[in-house]
Amino acid sequence: MRAFFAGLLSLILVGVAVAGVLWFEYQRFLATPITLVAEPGSNTGAEPAIELDTQPSVEPVIKPSVQSGIKPGRRAIAETETETAAEAGHEPTPQQILFEIPAGTRLRDLAERLTDEGLITDPFFFIGFAYQEGLQDQIKAGEYALVEGMRPPDLLRLFASGRSVQYPVTLIEGRTFREAVDGLANNPMLKHELSGLGDAELMERVGIEDEHPEGWLFPDTYLISRNSTDLEVLQRAHARMQQVLSEEWEGREEGLPLETPYEALILASIIEKETGLAEERPDIAGVFVRRLQRGMRLQTDPTVIYGMGDDYDGNIRRQDLRRETPYNTYVIDGLPPTPIALPGREAIHAALHPAAGDTLYFVSRGDGSHHFSETLREHNCAVRKYQLGGRCEMIDAQAEGQPE
């Protein structure tokens, strides 16, 4: 009997010793920071982040910022962006990797992959900690920024939070609905669900309850995760435009020749296309509002260009100004039937808060600014000076402070 108890005691002591060792190793596992070691040939952070143009034009509709040399789920070290480091809950650091978790990944598979890639030392400890924290079923698919100094608990909590890396996608003011859609089609970060759809189908999918989609996307920068869909971006942009237009319409000035928020959206799109300098938006709005109030035609070139469609080759000819289209404001009275571009909030605000004054005309000076005139005589003189390279004694005298 004594031998039995002695053997049992020995087993208990061995068990306690093993448990102690395991507990010590478990605590060391939890406290050990991950080490980011670049694979041979991977980026070392020497190159800056680059911007990929998704349009062949000089100023693309979409400009997703992608870090040079980073590949999903690989051990590539790259220069960090503040945004992605902040998303991971850490201060910016020169080293990070992007780690992608595909949809449907099981906890065991994730733990083994982290071990295989050298990010953690023991998959079973990682699984045990997940059960200890009640996060075993909370792992979310996505692309995550793993930063030097993170520990296994940080990894688990990050993967359970869903705070994945965000990429900016920008819709630019003044572009058309179709240009925005085409730009999204060239974005490598997006899943493309809308390829080949016409405007009617796009409107139905996005939820645009109107006869025409133009103007109904709010130009802004939207943060997306890898593999977000183009439809999600358009739905967010449409919802944002509805919100902004409603807010601005509620705060509009009294006495405007605009009966509905949609008319404000139309006018704002024209202001957006005519504006070279942001500070001139209220002045341009003032000219258009006064012309509408007096029953004068708007006579604005961007509407002519929009009505020409694919026939526009970069030049407006005299016959184009006489061409009858629903959008040619040299021919039609009042506003065109739809917006002609995506207006930003500033343009919408200007349409509903035009600058006071008596000016009825403006012409480009060729430097992005405009000369505003109260009379047709002064306007024709300004056209001669700024468009035809001639002299205008009236404007020259004004500049010199002399009487006309």
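Throughout, I take a salt bridge to be a side-chain nitrogen of Lys or Arg within 4 Å of a carboxyl oxygen of Asp or Glu. I worked on a predicted model, in which local features need pLDDT of at least 70 and side-chain atom pairs count only at pLDDT 80 or more, while totals for chains, interfaces and linings use all residues. Residues are numbered from 1 along each chain as its sequence is written, and side-chain values use heavy atoms, with hydrogens and water left out.

**Salt bridges.** I found 14 salt bridges in the structure, and I noted that Arg-178, Asp-182 and Asp-199 are joined in a network of them. For burial I used relative accessible area (1.4 Å probe, protein chains only), with buried under 20%, exposed over 50% and partly exposed in between. Arg-226 pairs with Glu-143 at 2.9 Å, N to O. Because Arg-226 lies in the loop between strand 7 (221–224) and strand 8 (228–229), and Glu-143 in strand 4 (residues 142–147), this pair ties together parts that are 83 residues apart in sequence; strands here are DSSP runs of E of at least two residues and helices runs of H or I of at least four, numbered from the N terminus. Arg-226 is partly exposed at 22%, whereas Glu-143 is buried at 3%. I also looked up Arg-281 and Glu-272, whose closest N and O atoms are 3.3 Å apart in a salt bridge, and both residues are buried.

Which side chain of opposite charge is nearest to Asp-320? It is Arg-317, 4.1 Å away, and Asp-320 is buried yet has no salt bridge; for charge, Lys and Arg count as positive and Asp and Glu as negative, with His and the chain ends not counted. Asp-320 sits in helix 12 and, leaving aside residues up to four places away in sequence, is in contact (heavy atoms within 4.5 Å) with Val-304, Met-308, Asn-315 and Asn-328.

**The largest pocket.** A pocket is an open set of points on a 1 Å grid over the protein atoms alone, where a 1.4 Å probe fits, with protein on both sides within 12 Å along at least five of seven lines; lining residues have an atom within 4 Å of a point. I recorded a volume, the space filled by probe spheres set on the points, of about 1,400 Å³ for the largest pocket. Of its 46 lining residues, Thr-300, Asp-301, Pro-302, Ile-305 and Ile-316 are the closest to its centre. Helix 12 (318–322) is among the elements that each supply at least two residues of this lining.
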